[in-house]
4 protein chains.
Amino acid sequence: MAHVLGQNQYGKAENRIVRVYRDSTRHEIKDLNVSVSLQGEFEDVHLTGSNANCLPTDTTKNTVYAFAKEYGIESAEAFGILLARHFVEDTERGVVHSARIRIEEYTWNRIKTPDNTSRFIGSEEVGHSFVRDGGEVRTCEVVYDGRTDTVQVISGLKDLVVMNTTNSEFWGYIKDKYTTLQEAYDRILATQVTARWKFSYTGRDNEPQPNWNRSYQHVRRHLLEAFAETYSYSLQQTLHAMGTRVLNNRAEVDEVRLELPNKHHFLVDLSPFDLKNENEVYYAADRMYGLIEGTVHREGVVPVIPVV
Amino acid sequence: MAHVLGQNQYGKAENRIVRVYRDSTRHEIKDLNVSVSLQGEFEDVHLTGSNANCLPTDTTKNTVYAFAKEYGIESAEAFGILLARHFVEDTERGVVHSARIRIEEYTWNRIKTPDNTSRFIGSEEVGHSFVRDGGEVRTCEVVYDGRTDTVQVISGLKDLVVMNTTNSEFWGYIKDKYTTLQEAYDRILATQVTARWKFSYTGRDNEPQPNWNRSYQHVRRHLLEAFAETYSYSLQQTLHAMGTRVLNNRAEVDEVRLELPNKHHFLVDLSPFDLKNENEVYYAADRMYGLIEGTVHREGVVPVIPVV
Amino acid sequence: MAHVLGQNQYGKAENRIVRVYRDSTRHEIKDLNVSVSLQGEFEDVHLTGSNANCLPTDTTKNTVYAFAKEYGIESAEAFGILLARHFVEDTERGVVHSARIRIEEYTWNRIKTPDNTSRFIGSEEVGHSFVRDGGEVRTCEVVYDGRTDTVQVISGLKDLVVMNTTNSEFWGYIKDKYTTLQEAYDRILATQVTARWKFSYTGRDNEPQPNWNRSYQHVRRHLLEAFAETYSYSLQQTLHAMGTRVLNNRAEVDEVRLELPNKHHFLVDLSPFDLKNENEVYYAADRMYGLIEGTVHREGVVPVIPVV
Amino acid sequence: MAHVLGQNQYGKAENRIVRVYRDSTRHEIKDLNVSVSLQGEFEDVHLTGSNANCLPTDTTKNTVYAFAKEYGIESAEAFGILLARHFVEDTERGVVHSARIRIEEYTWNRIKTPDNTSRFIGSEEVGHSFVRDGGEVRTCEVVYDGRTDTVQVISGLKDLVVMNTTNSEFWGYIKDKYTTLQEAYDRILATQVTARWKFSYTGRDNEPQPNWNRSYQHVRRHLLEAFAETYSYSLQQTLHAMGTRVLNNRAEVDEVRLELPNKHHFLVDLSPFDLKNENEVYYAADRMYGLIEGTVHREGVVPVIPVV
């Protein structure tokens, strides 16, 4: 049979793990969703039914939980690097050639209660009580390729929903026979940001790791600020401004990709009711929606973040 | 045919509305999901095909958007009262006997950017830029019954996810032949709070409306504080503490109902790997889950919040 | 504290269970999602932290799985009755007064392969291979109340999506100042049926159980046929026709409740493109949607299916 | 600024369209979800705020609906080819270089009612009444690249959930220090199939289009049959069998990619209740899950279906 087994990978997806640090009465928690995917010498597993080269997905799951105890979780990225290296380097006979770890991280904030120990108005944290921040999800994808001894780290976020109530126009576009859209000189611009950014870090030659957590906070801030401060003539322009803002400010990042659905807010026609809608009342639509996607990268860098 | 048309209602559900206030450069927004449901003299609509008594759901939708312009949206509750009264009082021939308005409200926070106008470290809000708070959703249900001229307001929240990493035990329960659960003297307690609370407000005799927004903030705070401060021997006990905390502190509320799924965090058995799990590594499960529901109300009050 | 603990209940929700019968090479499967909820003497659990009266939710889960082995699953309803009676009758000191079992059932069909044993065109089932039917979900709710020794069974379905491409009109309705809807003399009528129907069965005095599975198939068929055959002047009218059709044909049912969202299909205006849309091209909208709900019951029967 | 705008694309996503054919009383419907994405000379749109090269996403939406009227929808693939060619060939000044059309198709079946025109037992279709098939969703992705005048068609399906209750083993795998999985000699194998397959069709030189609808039915059947008939030693092996089965039987397809989550069914331990679970009672888990992905292609074909 002249059929070829092409790219293939497997692993355990969506391992939900909560790691608690109880070193003081002020507990710390990490709440992750970890997905493992391995590539390597798995032809026999597919073709012959022999599992001699198969590290079970169940074992990859166990490893995630065990590593959380053995090494702790300083950041999703550092944890992913540890796991990816392990699967490649420690699996017997080198059958795993590369490993990809994807992680979603959910943020929790501390619950505050009134400070009753003082006459002054104030509040104090409860050291073991948390409320989940339902906003954006932090993401990362780590790939370790054993053949090149290279780590690739793409961090990101999703479900960050933002809105500008003004400073957005859209006009001067192509008109063809199917165009009915009216030009807009003051519209709402809203989107749900999915962003991924690649680090120049490769993990070779004892290169020190970036401070992943601090980097994340800064990139997130720059994305928000660029969105808020850009006077927009198209969502494409805003996308570009957001990507370049990150590159301009974060040397550790060399590629940014953004997916920005245009969450349409349509002005409701109130004229049948003798009311004038002065950009006050909008219908927030679900579907269909514009979808704007693009990459900005440093000159000379070969972009690697996949188009989806 | 000896068949009876029983309870029936209809209306337009999930009208997504965003209302922008542009009175200053610091814009304000309200983001609501409004569902209308009407009861009344609709037998003919069901039985004869005559729609002479039918106010179209499309009209109820238009009314929501028009009212947002005409009256603004001070709070979801006040807006719901206006709408409910309108459908009953203004629909021709009194065919609408009662109206129920359900509203979900989504919170947006302002995006802050560095304050570049001052030498001092600080930040300033962008008056027209917002990021959606993905946490809990505020809810309310308003019913106006024209025959008794009574308004009933049930406010609430959902999707408020909270966790205590200690101060939770569970033991001393019934053991029968199907019991395998080990007693726990220090466990994680996590839940996704759905809460509803009824106001004593009836809208009769020019009774002034409570400050709905301030009331909401306080009830939410008391729920969080009671969750954080209760040393728990069961999720039922925590539920009761949360409900009574609200009643003890908010005179305008006379009934509280809570639905608390027990979001299980299972301690992972690391002993096969020669590791000791000292309440550090948990598996966060999706399903199945415990579900604890209960009502707390003032003495003499007839509870009305429905069991679901 | 003059606060009263009102209605309360608890149990394990969403126990996903698959039961396989291997009595022949033609396997049979039941795929259920079972939720348990108990009411009883649980004041101390809420008020004092004593769990002496608490049957753990974990035990209720174990019981579901054990009963699947001990008694098998003839139908969701019969299985629910067994469980509900058990929790009330067998829990020590009679602390459980009533039990509610809710079950969702997912349907699987057999995979057929070509019949290679015969020269004739045909196909044969693979006795152990199934493909899930992604259509409607069958539901039931069983409540056993030990104080009255009464079983109440409400069966149902959800997610049954149906469409008529003609034979639907809507006109002659109330017009007020907020009405803009055009009358329609030939529209698409589509809805996603949620139906619940109550059986007259009470379980007292050795009353034999209905054939739950056959009853379900017939009720489902009558709902579909009534939807298809009714020339509709409103979705309310269609709802009523569906409910009465069931009552007319199934003596074991004495109350039917339907929730019918009007899944709007809007005719697209193609006139800007010099095209005439002769009821051919529609936009299928997500939200907002009309929502029509109603009960039909036999005369003399007190309706009990709750309004949601 | 040494930043480069990399890959970028935009368009209107998730245009929900229902097309009705009323040529006889036996209506036909097509129910699609169409997403458009364009690539081309859009640098200025991103960099300068000029929209002179921007065909609005709203126009791409209008085009979808207009084309449904002008050309009808014979199949999702043929409709996608028409649209993709149009956006590239007809947009002014050739600014659109390539267009990608993704389509989801939902299946509807006819509602049957008893045949009352005959004394014989039978049923007849209602020509205008349909019930949605909630099973798998048919998918396709068409890309037309104007620079090479090449069409690429990848068809597929998702949400096809299948289960074998026997004929599945898993043993002989790598054991390392994190392995706890017990070998299985008779387990349930269940998965939710996502499949994509590429056609050799390129659209050049008046190449006739395959019969897309017939091809789809056959590929789907071969996937199901291969799943049912394969005695499995791993899900990887089943994946490979499914892919090769399609290639062996469908000459028009030259690459198949499958994503197969292992929907774990765990045998419940009933021994604490003195019950023996003879492969009868399973817990169907949600997360975590194994995820097996792989490509099978003809020798000499360069695989193009992206890894996700």
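How much area do domain 1 of chain A and domain 2 of chain A bury between them, and what share of it is on carbon and sulfur atoms?

1. The model is predicted. Its domain assignment divides chain A into domain 1, covering 7-148, and domain 2, covering 155-308. The C-alpha centres of these two domains of chain A are 28 Å apart.

2. In reply to the opening question, domain 1 of chain A and domain 2 of chain A bury about 1200 Å² between them. Carbon and sulfur atoms carry 43% of that area. On the side of domain 1 of chain A, E136(A), R138(A) and T139(A) supply 43% of the area buried against domain 2 of chain A, more than any other three residues.

3. Counted by residues, the contact between the domains involves 15 residues of domain 1 of chain A and 14 residues of domain 2 of chain A.

4. Polar and charged interactions also link the two domains of chain A: there are 2 salt bridges and 8 residue pairs in polar contact, with both residues at pLDDT 80 or more. R220(A) and E136(A) form a salt bridge in which the closest N and O atoms are 2.3 Å apart. E136(A) is also one of the three residues named above for their share of the area buried by domain 1 of chain A.

5. As for the make-up of the side of domain 1 of chain A that touches domain 2 of chain A, the elements giving two or more residues to it are helix 3 (76-90) and strand 7 (137-145) of chain A. By class, this side of domain 1 of chain A has 7 charged, 4 polar and 4 nonpolar residues.

Note on methods: Residues are numbered from 1 along each chain as its sequence is written. Chains are lettered from A and ligands numbered from 1 in the order in which they are written. This is a predicted model: local features need pLDDT of at least 70, side-chain atom pairs count only at pLDDT 80 or more; totals for chains, interfaces and linings use all residues. Side-chain values use heavy atoms; hydrogens and water are left out. Domain bounds come from an automatic or database domain assignment. Contact means heavy atoms within 4.5 Å. Buried area is the accessible area (1.4 Å probe) that two parts lose on being put together, summed over both. A salt bridge is a side-chain nitrogen of Lys or Arg within 4 Å of a carboxyl oxygen of Asp or Glu. A polar contact is a pair of N or O atoms within 3.5 Å; within protein, one must be able to donate a hydrogen and the other to accept it, and residues adjacent in sequence count only if both atoms are side-chain atoms. Helices (H or I, at least four residues) and strands (E, at least two) are DSSP runs, numbered from the N terminus. Ala, Val, Leu, Ile, Met, Phe, Trp, Tyr, Cys and Pro count as nonpolar, Asp, Glu, Lys and Arg as charged, and the others, Gly among them, as polar.
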